Each structure stands twice: as C-alpha cells, then as structure tokens.
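This report describes one protein chain for a reader who is new to structural work. Please keep the sequence and the structure in view while reading.

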Amino acid sequence: MTHTIHAKYALTHVLNAHGTFTPLGVSRSSPSVQRAVAAALGEFFIIDELQAAVSERVARITGAEAATVTHCTAAAITLAIAATMTGDSETGIAQLPDTTGMPNRVIIPAGHVVNYGHSILTAIRLAGAVPVIAGTQSACTVDDISHALVGEHTACLLLVSSRLAHGTPLDLGQAVAAAHACGLPAVIDGAAQDLRLDELLATGADLVLVSAQKYLAAPTAGLIVGRRDLVRACRAQERGIGRGMKATKESIAGVLAALEEREHLDVAAWRAEQDRKVRWFVEQADAIAGLTATAQEDPTELPFLRVCLHVEPSHRQETASALSRALRQGSPSIWVVDRDAAAGNLILELGPLTDTEIAIILSRLAVLSEA
Ligand SMILES: *Cc1c(COP(=O)(O)O)cnc(C)c1O
C-alpha cells in the first residue's frame, strides 16, 4: 500500500533511522492500528464515549485517574496550561487567551526550554500564559524553582523529560514536590517517553503529556494523563482555545488499538528483538573501513539501544555530515541523526526498520565508504 502511495504521487521512498522525527512521518503503525483507523473513518461515534474508552484503558494500564486525547503534545501543553489557569470555569475557558483575573505565570526551568520544531515557550504563550524561566541554561536547582513559584499569579510548574533538555538533570520528583508545597500543580511534557509513563507519573506530577505517534506508533495524537479534575478541564478547553487542538475520531480509535497492543506487549521479547537488530547492525557496520560502530544506551533511560557510527577522520571517506548527506541523497533516501556530526558521530534508531531495510542501509554504507 505504501508503495502505491509513493508511486502514485511520485514521493521519495524514505528509510527512517532518525527515530520519531515529525518531518518524516514519525512512526509506523502496526496492521491492527492501521485497520482500527481505517474502520473508524467510515463510522459515527459519540466522541465522549471514545474519549472515555481511552481514559479507562490508560487508567487500567497506568493507575492514573484519567486521560484524554488531543491533537498532539504541542496542543496538550497549551491545553494543560490553560486547564491550570481556568479549572472548570466556563467563563474562564471562554475568555482565554485573555487571562485577566486568572493566575497566568508558568514556571519552567531554563534547561527545559526545548525546541521540538517551535519553542515550548510558544506553546505556553498560546494559552495566554506568561512563561517565567527559572535558573540558568547550565543549572536550575529545586531552590531556583521554589523561588520562582512563590511569585503572585502562578498557575503551574512545567517540566520536560526529553533528550532535548539541557544542563544538569533536575530531579523531577523533587521539582514536583516543590510545586505541591506551594499548592500548585506540576505538568510534565514527556512527549517521546510513553515507554516511561509509569516513571513520569511516579514523580507525583498532576498531568503527564505524551505523544501517541512516537513510540506508541498510533496516529498523531497527544495523551494527557493524570488528575481527573485537570484532565476534565483540559477537555473543556474545546469550548475555547482548544477547538483547533481536538483529537479526530480516527486518531482516538488508533490510540485505543495501540494501547491495546502495548498492554499485551511481551516487553522482554520486544527488547530482545531491538537488541538483536542493533547488535547485528553494529557488527556489520564496524567491519566497514573508516567506520566504528557501537551500541548506545538512551541518555533518558528509554529501554532500547541506538547505533552510534563514528566516521574516522583519518579515512578518506569524507566527514560524518557528508556521509549523512550522501545517505539522504540516495534512493531510498536514508535518514540518520547528524546532530553530533561535527564530532564525527551519526546516530541511528533501527526500531521501526525491517531486516531487509537494515541490510539496504548496511550495503549503502559499504558502497559509500569505498567511493
Ligand atoms: C515531540 C515533542 C513535542 C511535540 O509533540 P507533538 O506530539 O509532535 O506535538 C513536545 N515536547 C517534546 C519534548 C517532544 O519531543
């Protein structure tokens, strides 16, 4: 089916070893998720019932009180901030993004001001809130957060759990406790960390936000998980600023199917399969002249390995960024992470790729390093 779409519209055939990258379509849904989405498109539903089914499943899997589906996590951030400002006040909801008379300061550690395509500060401001940055780029202590929280008109604390965060890692549990000590809610953007949802909820955060289209491999959607009253207040924003951030019936149906698969996933077998692909790739790639391949743990504790390819400077193969460019320009177009190319390193995520596709990447690497 994929090939039909690509051929019909003359689209580039992509091998995505870049991870859950939005410009490439993020992830690959399983056949059962694809079927659920296709089936939903031909039906009518009471959307509240679809939403309730997700809430009930997430509650069963995680022990959280409630959940709701939004258009994506960027939307979920704006809606969660809005919920902490309005609660369930209908006048407040209708009034946003005008925050007159409401608490509107959102505290965020400097190292958590991430850019996932836009700055997270934009997602805060879209609700009408005012971001207040705590600490510095290199360090933000729990004390820095406490100081910022005590200012008047504070709505909530926003934290980010992501590889994109910088500076000395913050203890999220302690930061959440600091917010609670001031009687304020804490929200965690854990967009790419649905595999760590339990750990993020265990910090005591009032709301945790994850993207369903990343490792859960559902259609594009954001999941807001946590306190029942706040989840309800997020959903109520659809009568205000949230109208353009709503989830579609097909995305909710896809999320339900993906959650069902996740619930029954044999985690040990899944990890073993991920490891097998990475170790096979590393062994083969390491034998290519000019390349050193290693398996790397995820720095944010996601439970799988990535490949690090080091392009040796002595070899006449050009630099890592030239190699990345050449991989992209070929057919199929192979995408790897080249953020650290200046240091000679390329990172690959193999999770969604088949053995056949991995073999294509290996043979392209071999050809390019001989060129
Ligand atoms: C991907 C990402 C987002 C945005 O998620 P979308 O579902 O694409 O809107 C927000 N924050 C972080 C840390 C991300 O990695």
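## Basis of the report

The model is predicted: local features need pLDDT of at least 70, side-chain atom pairs count only at pLDDT 80 or more, and totals for chains, interfaces and linings use all residues. Residues are numbered from 1 along each chain as its sequence is written, and side-chain values use heavy atoms, with hydrogens and water left out.

## The chain as a whole

The chain contains 14 helices and 12 strands; helices (H or I, at least four residues) and strands (E, at least two) are DSSP runs, numbered from the N terminus. Its radius of gyration is 22 Å, close to the 21 Å that the globule rule gives for 371 residues, so the chain is as compact as a globular protein of that length. This radius is taken over C-alpha atoms, and the globule rule is 2.2 Å times the number of residues to the power 0.38. Along the principal axes, the C-alpha atoms fill a box of roughly 65 × 50 × 35 Å.

Of the 371 residues, 50% are buried. Here, buried means under 20% relative accessible area, exposed means over 50%, and partly exposed lies in between (1.4 Å probe, protein chains only). The chain exposes about 16,900 Å², and carbon and sulfur atoms supply 55% of that area. Accessible areas come from the Shrake-Rupley method with a 1.4 Å probe, and for residues only the protein chains shown count as cover.

Among contacts (heavy atoms within 4.5 Å) with a separation of 6 or more, 69% are between residues 24 or more positions apart.

## Charges and salt bridges

The chain has 29 positive and 39 negative charges, and their mean positions are 6 Å apart. Lys and Arg count as positive and Asp and Glu as negative, while His and the chain ends are not counted. The place of a charge is taken as NZ of Lys, CZ of Arg, CG of Asp or CD of Glu.

Side chains of opposite charge can pair when their charged atoms come close. The structure holds 18 salt bridges, a salt bridge being a side-chain nitrogen of Lys or Arg within 4 Å of a carboxyl oxygen of Asp or Glu. The table lists some of them.

| Salt bridge | N to O distance |
|---|---|
| Glu90 and Arg239 | 2.6 Å |
| Arg227 and Asp229 | 2.8 Å |
| Glu349 and Arg163 | 3.7 Å |

Which parts of the chain does the pair of Glu90 and Arg239 link? Glu90 is in helix α5 (residues 90-95) and Arg239 is in the loop between α10 (228-236) and α11 (249-263), 149 residues apart. Glu90 is partly exposed at 41% relative accessibility, and Arg239 is exposed at 56%.

The pair of Glu349 and Arg163 also links distant parts of the chain, 186 residues apart. Glu349 lies in the loop between β12 (345-348) and α14 (355-370), and Arg163 in the loop between β5 (154-160) and α8 (172-181). Glu349 is buried at 6% relative accessibility, whereas Arg163 is partly exposed at 36%. Both residues belong to a network of salt bridges that also includes Asp298 and Arg306.

In the remaining pair of the table, Arg227 is partly exposed at 30% and Asp229 is partly exposed at 36%.

In α10, the residues Leu230, Val231, Ala233, Cys234, Arg235 and Ala236 are buried. The buried residues of this helix pack against α3, β2 (66-70), α4 (73-86), α5, β7 (207-211) and β8 (222-226).

Helix α3 (residues 47-62) holds Arg57. Is Arg57 buried or exposed? At 18% relative accessibility, Arg57 counts as buried. Apart from neighbours within four places in sequence, Arg57 contacts Leu256, Leu259, Glu260 and Glu263.

## Backbone details

A cis peptide bond joins Leu96 and Pro97, with omega about 10°. Pro97 is located in the loop between α5 and β3 (105-109). Another cis peptide bond, with omega about 0°, joins Ser331 and Pro332; Pro332 is in the loop between α13 (320-329) and β11 (333-335).

Ala217 has a positive phi, near 55°, and is a residue other than glycine. Ala217 sits in the loop between β7 and β8 and is buried at 14% relative accessibility. Glu301, which is not a glycine, has a positive phi of about 70°. Glu301 occupies the loop between β9 (291-297) and β10 (305-311) and is exposed, with a relative accessible area of 55%.
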